Amino acid sequence: ARTRLGQIAFSEQVTGAGIGAPIFHNFKTIISEAEFGSSHPDWFSNDQLNLSYNNYEMVDTVVEKVKAKLIDDNFAHKYYTFTQEDREQWSNSSTSLSLYNQYGCYSAEYIIFMNKCAQKLDNWAKTNYPTKQFELTMFAYHTTVSAPARYNSTTGKYEPKSNDVIFYEGSNCSLGLIYAPITSNIYLPLQGQAPLLDNGTPHEFSGDFMPQWGALTNRINYWIYSTYFNDYLAPTAVITNMQKNYQYAKQNGEGFFLYQGQHNEPNGTNFADLTNYLQSKLARNVNISYQEEINKFVNAYYGPASVPMKAYLDSIEGHYGWINSTFPEFATLIGCGTTRYSQSIMKTTYFPKANLINYLEHINDAYAYLMKALNYNQITQSEYEIYHDRCERESLSIRYMLRVLYCRENEPNDWDSSMNAFYRTCQNLGITHKSEGVT
């Protein structure tokens, strides 16, 4: 699930800006083609994948939609989102291209539009609801992930490319940002890396974008990722950098922080439950004793098998560090939101067969520890089965890589049956989805 622990508290804070609109990716729900396509065709980009801001008269319509939502839920939320569709494209209108050429990024057009909305909402709220405060929130995502800022070599800081792109700050309504770098490399810390463009080429900036966005606003919220949406069984390395990412987010903003995991899949491999546990702890205090919390969880969750399971965790996390230090091209992998990422990480050079077999030995040791505890009546049969399933779930990513990377050469006539048997094991362990939309 999307950060399962704490999800209720999160949804109490954030909602879509229109009645019935989803929390995110709601451009074309709030401004739908069914409602406005005939009367305002210029509000939609030529490819129909996102909205177009050719005509700023759409500002008034969006503002009215937000007002209706605010009144409908009695200002119950702090954040009201108007965020682009889940696409890798922006408007291809002549106005959009002109502003892109002026600012060097698509986000400038988005900011200017949202500033107009926020200012109108602020004036309305001051008059009609003077005690209410809320934030209209936009995405830095895909084509809008980079900021319209420039580096000033004299001051050593970034500054806005014009006053028009400084985020509106009002007494009742202000404009805020959700920084969602879906093309970042989740094997690396958020700090210091620039997400790649969707075609795999770097942005114009070096380093991460937080100093650029910080020149425009201090209302920065975070949405980062802990899975590959196109392959839930592909290996992940979230735990190593998680605390660093929370600390960096805390340093750069005081808003909400969403660490998105698997969608529509409550169970997982790659230490998914440990990841959720650590997220719940870091959400309360980014400076927890991280290794102590990891040890506490592993001891409780795996019981008598905690020693080999901790050895496995340390080994696989160390392996990710080895990949990063050994293969320079690893830093340029595209992030979790594209099929290219899981295809790039699933390589025999990154995961030699001998290493994978060695990691499975840790799991086999865990089974042996559990059997010994059962034989000595230290655990019941029911506890044994629970602990065993938990250990076996952690084996799935390694077994998956062995089949995908190595079984074809060894079992050319048994490939389909081998994978089918593996998938049945996944289902028996409660894992029903291979990717976001595939069971």
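This is a predicted model: local features need pLDDT of at least 70, side-chain atom pairs count only at pLDDT 80 or more; totals for chains, interfaces and linings use all residues.
1. Local features need pLDDT of at least 70 and side-chain atom pairs pLDDT 80 or more, while totals for chains, interfaces and linings use all residues. Residues are numbered from 1 along each chain, and side-chain values use heavy atoms, without hydrogens and water.

2. Helix α8 covers residues 239–252. Helices (H or I, at least four residues) and strands (E, at least two) are DSSP runs, numbered from the N terminus.

3. Buried residues of α8 include I239, M242, N245, Y246 and A249; buried means under 20% relative accessible area with a 1.4 Å probe, protein chains only. The buried residues of α8 pack against α7, β7, β8, α9, α10 and α11.

4. There are three cavities of 30 Å³ or more. A cavity is a set of points on a 1 Å grid over the protein atoms alone where a 1.4 Å probe fits but cannot get out; lining residues have an atom within 4 Å of a point. A volume is the space filled by probe spheres set on the points, which are joined across faces, edges and corners.

5. The largest cavity has a volume of about 210 Å³. Its lining has 20 residues, with S226, T227, G261, Q262 and A272 nearest the centre.

6. The second largest cavity has a volume of about 90 Å³. Of its 14 lining residues, S184, I186, L188, I224 and N245 are closest to the centre. Both β7 and α8 supply at least two residues of this lining.

How values were computed. The expected span of a helix is 1.5 Å times one less than its number of residues. Buried means under 20% relative accessible area, exposed over 50%, partly exposed in between (1.4 Å probe, protein chains only). Contact means heavy atoms within 4.5 Å. On a 1 Å grid over the protein atoms alone, a cavity is a set of points where a 1.4 Å probe fits but cannot get out, and a pocket is an open set with protein on both sides within 12 Å along at least five of seven lines; lining residues have an atom within 4 Å of a point.
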